[in-house]
Amino acid sequence: MPRWLTTVSGQPAAIERVDDLTVRFTFAEPQGLFLQSLCMPDEGGLLTSYPRHYLEQFHATYNSDVATVAAAEGAADWVALFTSKVGFSILLDAGFWQNPELPRLNAWTVTRPLGESEQVVLERNPYYFKTDPDGSQLPYLDRVVYTVVSDEELMLLQATNGELDMHMRHINSLSNKPVLANSREDGDYDFFDIVDGKMNQAVMALNLVHQDPVLREVFQNKDFRIGLSHAIDRQELIDAVFQQQGQPWQVAPREESDFYDEEFAQQYTEYDVGLANEHLDRAGYTERDGDGFRLRPDGARIAFALDVATPSLFPFHPDVTELVAGYWREVGVDARMNPMDRSLFIERREANLHDASVWVGDGGLLDGLLDPRYYFPSHTGSNWGVPWANWYNNAGDPKEQPPPRIAEQMTLYDQLRATPEDEARKEIFRQILAISKEEFWLIGTVLPMGGYGIVKNSFRNVYEPMPVSAVYPEPGPSRPEQYFHAS
């Protein structure tokens, strides 16, 4: 059962049908993050997106003849059949968007599914349960059309031509903003502001549980990480990659957050090659080979690859990674960028096959309470300690007991989950952050700033500024059912 539906001691919630419209969840102990978890798509969505009366025909528990149904539809087994009808993740599985027959509680329901053509079409759900404050039935829009585009340049062209009513991903980079700004009048659109939940444009995550015990020893050396941090010229990153937008920042909450700590955010961000070399020497890696690269305790060169997903949602990552790898080579550490498809990037991370990886830093606002992956290894998205996260969740492999300081953070997070009072939860989270600050698990680069989306001038009720976070499935919570076209 999902962690958010259990107590810290592992007892599942008792779920009771009260009447046709009411369900009661009862926990034997406090579950302090239950209500917040209901707001997340793959958590709250789990409760509302799997209608039994329809899906039981595709499930072995409810249909003894499901193997015949699977064979008739060309599925390998009932699990593949079930997944094709609904998927196991609203965000990540295509099945949810490929089945027009699936009953939904959403404002719109699929009429032209994903994969059938270059468009996904959704139309008003006549059974949608919401009305506006004046009593008018929602949604306002009768029809929503998504065009499936894999080429970001084509997407940018569609935007500048005014073909998109609203968009806020993939092309809303700082480098594209001048292009989009110049076409606003002809395209009949404007910008809207984004409040980014991310606290870092690119986190350099060394794999602290590396399969190579010698490289693991190197990566777990705090002075080694501090030295690499001081070697990064963050101002050059800001100027060269981010259009002079942003500021040097570690893996720490944003200034807008209740958990903001200026010292945490700014520690070890000074660009100082001399200081970097001093820390790397202090770490014990003073010996060098003939090319000037530092040597590991076993005499081999300190060399590793930085995995980068490309293409990805963050097209600036290859540029950042190339620069950072260059800075590190200047101080005798042989780092190289390793670009790959995103699916392989995730596969390598979850199997603990990577040396190091680069991804954005989520959890910069209150969302860190729900997704603390960069503050301690909470799930497989913690690309710096996946085996420790697996140990914590008692799920998956590889699995390994964490060191004392991370175990302390995990214990604190369990206390947080069992705490019903909001302020008390925040105070516990500050203790978790204090350990992250002291141990300096990860190396940050630049704080994201100046986020934006585009919206047609005739398209109304788009919330601004729009929060954006991995656990805030934008624009969903901004009430898209109340978006409308002005006549």
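The buried residues of α18 pack against α1, α10 (222–230), α12 (262–266) and α17 (404–417); buried here is under 20% relative accessible area with a 1.4 Å probe and protein chains only, exposed is over 50%, and partly exposed is in between. Packing contact means heavy atoms within 4.5 Å, and helices are DSSP runs (H or I, at least four residues) numbered from the N terminus. The model is a predicted one, where local features need pLDDT of at least 70, side-chain atom pairs count only at pLDDT 80 or more, and totals for chains, interfaces and linings use all residues. Residues are numbered from 1 along each chain as its sequence is written, and side-chain values use heavy atoms, leaving out hydrogens and water.

Among the buried residues of α18 are Ile428, Phe429, Ile432, Leu433 and Ile435, along with Arg425 and Lys437. Just past this helix, Phe440 has a positive phi of about 55 degrees.

Leaving aside residues up to four places away in sequence, Phe224 touches Leu206, Val218, Phe219, Leu280, Ala283, Tyr285, Ile302, Phe304 and Val333.

Not every leucine is tucked away: Leu38 counts as partly exposed because its relative accessibility is 32%. Leu38 sits in the loop between α1 (34–37) and α2 (41–48).

Conventions:
Helices (H or I, at least four residues) and strands (E, at least two) are DSSP runs, numbered from the N terminus.
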